[in-house]
Amino acid sequence: MNYIKVMCGNVDNTHLDKPIFVNGWVKKNRKLGSLIFMDLYDISGVVQVVIDENNPHFKTVHSIPKESVVKVEGTLKRRSNVNKELKTGEYEIHLENIQIYSKAKTPPFLIENETDGLEDLRLRYRYLDLRRPLMQQYMLNRSKIINICRNFLLNYNFIEVETPYLSKQTPEGARDYLVPTRSQKFFALPQSPQIYKQLLMVSGFNAYFQFARCFRDEDLRIDRQPEFTQLDMEMSFVSAKDVQTIIENLFAHLFKEFFGIQLKTPFLRMDYNDAIEYYGCDKPDLRYENKIINLTSYFNNTNFKIFKSIVDSNKRIGGLFLEEIISKNEIKGLEKLAKDNGAKGLAYLFIENGTFTSGSIANVIEKEIIEQICKEKNITNGTLFFVADEVETTLKSLGAIRREFLNISKAIKMNEEFSFVWIVNWPLFEYSEEDNRYVAAHHPFTSPSLETIDTFDKDPQNAKGESYDIVLNGYEVGGGSIRIHDFDTQTRMFEFLGLSKQEIDEKFGFMINAFSYGVPPHGGIALGVERLLMLMLKTNSIRDVIAFPKNSSGTDMLFNSPSVVSEESLKELKLKVEKNG
């Protein structure tokens, strides 16, 4: 008999009463009286297989362990009791033949969406973790989203070009992964394809993209990995607005195709200084209000000595209001968060009908001052928080508290599900206390703004860059800039950042030389693929949208790497590992 091959989740009316065969993994295998019901699954879904006691394979099927891989041949029938939770819940296969490809041991955790396995255990057995329908759906959606983006850019006449993984060490802000060779010289794994894509513009490729693998040896968080994928793009003869418009169109297309959502474009543009002033960070979550309030001027004549000293020393008294009375334990957590971000403490007042009833400074603060604040800032009922410190410390700590509101408050009013904003007018440099000098805020190829291009190396504190970040729901999902396209300006930039002429020649001589042969004005952006996926698919971590990620310590639990290299390999590379201590 000729059996028709069908995926487990794809059986339907067209296969009714026909001989079919499916391959898959045994999800359940249960005996109920004279019948065995076996659930078989693959990446497409689950189908029920029925075997009665008169079937010659009855005993064989009963002994098959869960997660074993089998081939089932039989006839598709309609079920008498429909399972509405399954896509195939109207059908069942009446088994005629079975082939066992391989038997499975008992898995170390439940292979279900709701599993009992902790993350490190699941990462150690990632091939089992990826059998869970939820994880498979993440991977399928990853593929779908990447291809929507790819097709969009190809239709926009972008050219996809792959750039090398083995490259040259260049200063880009994070530590490089170095690759030794037998020649006693080193390659570096690219932190980004930045220089390559700029050279492609010199080569005359008008618009480039690639889904690039990038490598950075830096501290890990839920939205970072030592290796990651970014959608890397570069365009010639464009302004910052041109780049931003293309990205807005890309996201509008992606969200329409994937979710059926119509995003509002153009996206909001926010000055970097405003982001810091009102949200305490350069990646504000604009789904909710709760802006930081500058309350310093209200306390010009206060008798509260702490606040008065802050006013007199030109520091900042910042406020943050939550329309909710929260518990003392939650306030303790916020106070710790404020201190972790440099503040000396956190004061608070419970507000009812525009005046305070109690709080940590209720006995020392003037009622009329608070009532004036409540009236002018439209504050009625809830908790008013204060941080009084250096301006930067005040804003940073209140920004952290604002973000924590999402975790502790039930009163936060969300304006929308996905909130995009461009952060623009960035400082060109930031001061490094560790290095005691100015360093590039983004990278040394960012063009100074037109207003500061003649003075950026003389007045670095006020220099602005032609850079822009795209932020979604409080996460930076992309960053880019208009690049320096004049080799004299690029040389000035390198020299200001402390590179000698010899270092410029050694590290970037090829780039300066390329620029001397005619380079178009150009700019671009890189979007963090996993970070975007994490937000779109609402996962807990970027590790959920990477097939084989590292854990929170940067360890690959499946391969137990990084690992010790044999003495023979080190000897061949003429390397020696020094033991700590």
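The face of helix α10 that is turned away from its buried side carries two exposed residues, Glu368 and Lys375; exposed here means over 50% relative accessible area, buried under 20% and partly exposed in between, with a 1.4 Å probe and protein chains only. The buried residues of α10, which spans residues 367-376, are Ile369, Ile370, Ile373 and Cys374. They cover an arc of only 135 degrees around the axis, which puts them on the same side of α10; the arc is that of the directions from the helix axis to the C-beta atoms. As a reminder, an α-helix has 3.6 residues a turn, so residues three or four places apart point the same way. Helices (H or I, at least four residues) and strands (E, at least two) are DSSP runs, numbered from the N terminus.

A word on the source: this is a predicted model, in which local features need pLDDT of at least 70 and side-chain atom pairs count only at pLDDT 80 or more, while totals for chains, interfaces and linings use all residues. Residues are numbered from 1 along each chain as its sequence is written, and side-chain values use heavy atoms, with hydrogens and water left out.

Asn157 is found in the loop between α4 (133-155) and β7 (159-160), and counts as exposed at 65% relative accessibility. Most residues other than glycine have a negative phi, and most peptide bonds are trans.

Cis peptide bonds deserve a look as well. One runs from Thr265 to Pro266, with omega near 0 degrees; Pro266 sits in the loop between α6 (240-258) and β12 (268-271). Another joins Ser561 and Pro562, with omega about 5 degrees, and Pro562 belongs to the loop between α14 (529-537) and α15 (567-572).

Turning to the rings, a search of the whole structure finds 28 aromatic pairs. Rings of Phe, Tyr and Trp (its six-membered ring) pair if their centres lie within 6.5 Å; planes under 30 degrees apart count as stacked, over 60 as edge-to-face and the rest as tilted. Tyr272 and Trp426 form a tilted pair, 4.8 Å centre to centre with 40 degrees between the planes. Tyr272 lies in helix α7 (residues 272-279) and Trp426 in the loop between β18 (420-424) and β19 (429-432), so the pair ties together parts that are 154 residues apart in sequence. Both Tyr272 and Trp426 are buried. The ring centres of Tyr348 and Phe350 are 5.3 Å apart and their planes stand at 55 degrees, so this pair is tilted; Tyr348 and Phe350 are both buried. Ring pairs also link Phe251, Phe255, Phe258, Phe259, Phe267, Phe418 and Phe420 into a cluster.

Charges meet rings too. Lys71 lies over the face of Phe21, at 4.5 Å from the ring centre, and the charged end of Lys291 sits over the ring of Tyr278, 5.3 Å from its centre. The criterion is NZ of Lys or CZ of Arg within 6 Å of the ring centre and within 35 degrees of the ring normal.
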